[in-house]
Structures are given as structure tokens and as C-alpha cells.
Amino acid sequence: MIAPTQDPPRVDTIAEVTWTQMVTASGLTESELAELVQYGALEPRDPRAATWTFEARWLFVARKASRLRRDFDLDPHGVSVLLSYLDRIEALEAELRKLRAQLG
Amino acid sequence: MKYKDYYAALGVERSATADQIKAAYRKLARKYHPDVSKEKNAEERFKEVAEAYETLKDPEKRAAYDQLGRHAPGEEIRPPPDWGQSFGDGQFSFDDVDLADLFANLTGRAGGGRRARNMPHPGQDFEAAVRLTFDQAFTGTEIEFDMTVTEPDASGTLRRSPRKIKVRIPKGVTDGQKLRVPGKGGKGVNGGPDGDLYLDIEVAEHPLYRVVGNDLYIDLPLAPWEAVLGTSVQLPTPAGAVSLKVAPGTRAGQQLRLSGRGMARGSSAGHLFALVRIEVPTVVDDAHKDLYRKLAETSNFDPRAHLAKETAR
């Protein structure tokens, strides 16, 4: 499971996006997106719902996944591993920023 | 149309094999991909690399590119006349076309990848970087900027055109945040939905405030006697100066929290932390030295009491 980033990117007007919007905005196929959900790289609001909806911040993750897939020629599993590392780096960088800010 | 040297962008010879081109692309992608790279100008550099690879990896496009011959980068070129027929009506002008779009158009022709003419399909998503000052990010702002977008024209050919974008940035955005502006991307075709606009927010550093998520940190230098006796100071905050009480016995490194004085977070706000530093005067006249000596002689304060046991061994 990939933990959501600490300070999720907020979206100014829409708080929820549909499955169709995820497909359109990411350019990934439905089966690629479903695989990413299966690996925990994307988290629907209710995984057991008949139709998935997402908090809008997952759009950015899906778009990043799509870039990584295309530009590095990765399969969805490789993408999900890379995303989890990028998440960890982001969390560490946030921690580092905080420590530096506290040092003055 | 301006010539671009795709081989130079990938750092390969014009005679390079498909495998060599792929290897060169992968090496550069690993180094410059904006999602994984911290290199300067990574995004710009990767765009060049990706554009070059997009054409050179496809044998048909590479052959077409090679047909253009060798030119200096940026040199105006005119493609062979028969290329115009590739674009539907044959009335095609290359003057305002970018080389990348030209090859993107070639795919549509060769692969039949272009969507059926009357089918509705969504407009493209646009992406732009937005640089804000700290104050703009703190209070929210309205920005207007120009960008060049690539969109299909009436005949379905990709064209670059300038676009004026006006967006309201909510207060409290932070560096690295991404915003989505629904419906502000390319126009949908045949009744398809409009695309979205994605903004990458950059916020310039402030000389006083350090931003961590929604919290802010500011240094609060105190004189030794202020820290011992307590005091009241005027502290700047982004929303205006406030009076801050410093309790007697305040130590260096302590964080004094000003609740809700940080960056906005929805309807609430983060905190502002004043980070205590104790500064000492470096130039002290004799009268003051005497005061310090008197203090040293009469005080029984020992900041190294916890080390005493170790040093006594």
C-alpha cells in the first residue's frame, strides 16, 4: 500500500472525480488503471463500490503514473513500485524541510 | 518551420541503430525525467529528448526526418512539396508549424490513429508552471499569463496557437502543489468535454518566513536578559505585526506557537512558529563587562551540571 502524501495537492473546485475522468485525464487504459488500484497505487473512495470514485488528488497520481509508464516503458507494476519510492522521497524531503526550518 | 537536430538531442550519430537510439533515450530519461530528476532545467531538457525520441524510434518518421537533410538547428526549412498532400486538402502551409507537431500529424496519417471525424472526443489537457511570490500564495491572487497550446484545427491538423489564461489562485497554495482548473484546457470536439488546465505552483522563498506544509517558521532573536526576565516583542506575521509575550526563562530553540497565523488550509490555517535564538553582544564596554562579572560571581546557575559527574571521573 502506498500511503497518501502528507500534504495532498488540493484542487480548487472539484473534490471528487469519476472513473471516466480518471481514464480521460491520465490517458491510461481502464485495465492499466484497475491494475494500479489493485497494487494500491491508486485508492478509490470505496474500493467495494460498483463504480469507483476518487478524491481529486488521485488525478495527479494517475497522470504521473501515465507519464512514467510511457516515458520509461514500464508496466503498471513497475509504475506502482516507482510511485511508492517517489512518495517516500517526497515524505523524506518534507521531513527534511521541516527540520531545516526548525534549525533556522 | 525551424529545424531541430534530433540526433544531437539524443547524442547519437545519424547512423545510430534503433537499439543505440533507445539506449541513449533511456539514459537521458533516467537523468532528466521531471518526475524523478532534481537536475536543473530537467523538464526543458527532457522535452527535447522525448520529442527527438518520439520521431527517431519510429522507422517511418525517422526516414521522413532524414529526408529533411542536415541543417543548423533553428534554420528555416521547407519540407519536400509532396508532404503537403499528407495533410488532407493539400493546401498546407508549413510556416507556422512546429517540427514536433508535423511528425505527430504523420502518425495520424500512417497509423489511422486519428479519431473518426464526427465522434465526440475530449479537449486536450494543458499544463503550465506558475511562479508566485510568497505574499501572492499567502493571500491568494488572480493571475494572467500567455501560453502556447497545440490543438487540432478544423481539419484535425495539430497547430500551435497563443492562449491567454486567467486563473484565480486560492490562498494558501504551497510550493510544488498542483492545481487543476476543470474545463480550462482545449475545447472538446463534436460535443466532447473540454480539457482541463493543470498548474504547477512554484512559490518563491521569503527572506523571513520558512514554509513547511501550512506552517510558517520565523526566527525570534532575544537578548539574554530578555530570555531570562521575559518580555513582549512586536513580531511580523504575513497578515500584520502582532505583539508576542515571551515568558521568563525562555530557552534557545523553543518554538512559540502563534495559532492560525500560518498559511490558509481550507477554512482554517496553519500555525506560525517563532523560533527562539539567544543572541549575545559581541562588543561589550567595560561598564557592561562589570555587570556580567557581578552576575558570574553571584549566580549559582550551572548549565553543565549534568556533565559534572563525567568530568569528575
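This is a predicted model: local features need pLDDT of at least 70, side-chain atom pairs count only at pLDDT 80 or more; totals for chains, interfaces and linings use all residues.
**View 1. The open four-stranded sheet of chain B.** In chain B, 4 strands are arranged in the order β6-β7-β13-β10 and form an open sheet with mixed pairing. The edges are taken by β6 (210-212) and β10 (255-258) of chain B; each has a single partner strand, so one side of each is left without a neighbour in the sheet. On average, and with direction ignored, neighbouring strands of this sheet are turned by 30° against each other. In general, strands of a sheet pair through backbone hydrogen bonds, in either a parallel or an antiparallel manner.

**View 2. Pairing of β6 with β7 in chain B.** Strand β7 of chain B comprises residues 215-222 and is joined to β6(B) by 3 bridges. The two strands run antiparallel. One position can be followed at the level of residues: Val212(B) has Asp215(B) in β7(B) as its bridge partner.

**View 3. The contact between chains A and B.** Chain A contributes 22 residues to the contact, and chain B contributes 22 residues. On the side of chain A that touches chain B, the elements giving two or more residues are α1 (19-26), α3 and α4 of chain A. The most is given by α3(A), with 6 residues. Sorted by class, this side of chain A has 11 nonpolar, 4 polar and 7 charged residues.

**View 4. Crossing of helices α2 and α4 in chain A.** Helix α2 of chain A spans residues 30-38, and its axis comes within 9 Å of that of α4(A), with a crossing angle of roughly 45°. At this angle α2(A) is therefore oblique to α4(A). The crossing of the two helices, α2(A) and α4(A), is right-handed. From α2(A), Glu32(A), Glu35(A) and Leu36(A) meet Pro76(A), Val79(A) and Ser80(A) of α4(A). The contact of α2(A) with α4(A) has 3 nonpolar, 1 polar and 2 charged residues by class.

**View 5. The hairpin of β8 and β9 in chain B.** Strands β8 (residues 231-235) and β9 (residues 242-246) of chain B are paired in the antiparallel sense through 5 bridges. Within this pairing, Leu244(B) of β9(B) is the residue opposite Val233(B). Between the strands of the hairpin are 6 residues, and Gly240(B) in this hairpin adopts a positive phi near 125°.

**View 6. Asp73 of chain A, a loop residue with positive phi.** Asp73(A) is located in the loop that separates α3 (57-71) from α4 of chain A. Although a residue other than glycine, Asp73(A) has a positive phi, near 55°. Asp73(A) counts as exposed because 12 C-beta neighbours are found inside 10 Å, and the class of exposed residues extends to those with 12 or fewer.

**View 7. Asn41 of chain B, a loop residue with positive phi.** The loop between α2 (18-32) and α3 (42-56) of chain B contains Asn41(B). The phi of Asn41(B) is near 55°, a positive value in a residue other than glycine. With 12 other C-beta atoms within 10 Å, Asn41(B) is exposed.

Conventions
Residues are numbered from 1 along each chain as its sequence is written. Chains are lettered from A and ligands numbered from 1 in the order in which they are written. Two strands pair if DSSP finds at least two bridges between them. Axes are lines fitted to C-alpha atoms, for helices over the stretch in contact, and angles run from 0 to 180 degrees between N-to-C directions. Angles under 35 degrees count as roughly parallel, over 145 as roughly antiparallel, 65 to 115 as roughly perpendicular and the rest as oblique. A crossing is left-handed if the near helix is turned anticlockwise from the far one by less than a right angle, and right-handed if clockwise. Two residues are in contact if their C-beta atoms, placed from the backbone, lie within 7 Å. Ala, Val, Leu, Ile, Met, Phe, Trp, Tyr, Cys and Pro count as nonpolar, Asp, Glu, Lys and Arg as charged, and the others, Gly among them, as polar. A residue is buried if 20 or more other C-beta atoms lie within 10 Å of its own, exposed if 12 or fewer, and partly exposed in between; C-beta atoms are placed from the backbone.
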